[in-house]
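Subject: A structure to look through

Dear colleague,

I am passing on a structure that I would like you to look at with some care. Please open it first, and then read the notes that follow beside it.

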Amino acid sequence: MKTHEYFEQELAYIKNDTLRNIVTDTLDASPECIIHIPASSSGRYHPSYSLGDGGLMRHVKAAVGIAHSMIETDIFKNMVLGVGADDCEIIDVYKDVAYAA
């Protein structure tokens, strides 16, 4: 299974085809270990669900889900953030995957 297949729901949030393809390619080019490693080696700065095998993957999925929920609220829809919704969701994926690699 390719890494991006674990993130189908999160990738579907990205409306821009070019950006979605870049994120898909980046996920697939990432080391396979990102599927298995914890989000935190010490466990001090992350919630318990993001620890242990698959913790980073659960952490990224949760972060993207939270960002997507916030973007979908009326408060954020009416704000000028300077970034698009795709940007926020992409940032959530990249910040953890790039750090792990």
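**What was found**

The chain has 5 helices and 0 strands, where helices (H or I, at least four residues) and strands (E, at least two) are DSSP runs numbered from the N terminus. Read along the sequence, the pattern is therefore α-α-α-α-α. Please keep in mind that this is a predicted model, in which local features need pLDDT of at least 70 and side-chain atom pairs count only at pLDDT 80 or more, while totals for chains, interfaces and linings use all residues. Residues are numbered from 1 along each chain as its sequence is written, and side-chain values use heavy atoms, with hydrogens and water left out.

**Burial and the core**

Of the 101 residues of the chain, 34% count as buried; buried means under 20% relative accessible area, exposed means over 50%, and partly exposed lies in between, with a 1.4 Å probe and protein chains only. In soluble globular proteins, nonpolar side chains tend to be buried together. A nonpolar core is here a set of buried Ala, Val, Leu, Ile, Met, Phe, Trp, Tyr and Cys residues joined through side-chain atoms within 4.5 Å. The largest such core has 13 residues, and those with the most contacts inside it are Phe 7, Leu 11, Val 23, Leu 27, Leu 56 and Val 60. The elements that give two or more residues to this core are α2 (17–29) and α3 (55–72), and α3 gives the most, with 4 residues.

Which residues does Phe 7 touch, not counting those up to four places away in sequence? They are Leu 27, Met 57, Val 60 and Lys 61, where contact means heavy atoms within 4.5 Å.

The buried residues of α3 include Gly 55, Leu 56, His 59 and Ile 71. At 1.5 Å a residue, the 18 residues of α3 should span 26 Å, and its end C-alpha atoms are 26 Å apart, which agrees; the expected span is 1.5 Å times one less than the number of residues.

Thr 24 lies in helix α2 and, at 15% relative accessibility, counts as buried. Leaving aside its neighbours within four places in sequence, Thr 24 is in contact with His 4 and Leu 11.

Tyr 49, in turn, lies in the loop between α2 and α3, and at 39% relative accessibility it counts as partly exposed. Not counting residues up to four places away in sequence, Tyr 49 touches Gly 55, Arg 58, His 59 and Ala 62.

**Salt bridges**

How many salt bridges are there? The count comes to 2, a salt bridge being a side-chain nitrogen of Lys or Arg within 4 Å of a carboxyl oxygen of Asp or Glu. One of them joins the side chains of Lys 61 and Glu 10 (2.9 Å, N to O). Lys 61 lies in helix α3 and Glu 10 in helix α1 (residues 8–12), so this pair ties together parts that are 51 residues apart in sequence. Lys 61 is partly exposed, with a relative accessible area of 27%, whereas Glu 10 is buried, with 7%.

Asp 17 forms a salt bridge with Arg 20, and their closest N and O atoms are 2.3 Å apart. Because these two residues are 3 residues apart in helix α2, they are separated by about one helical turn.

With best wishes
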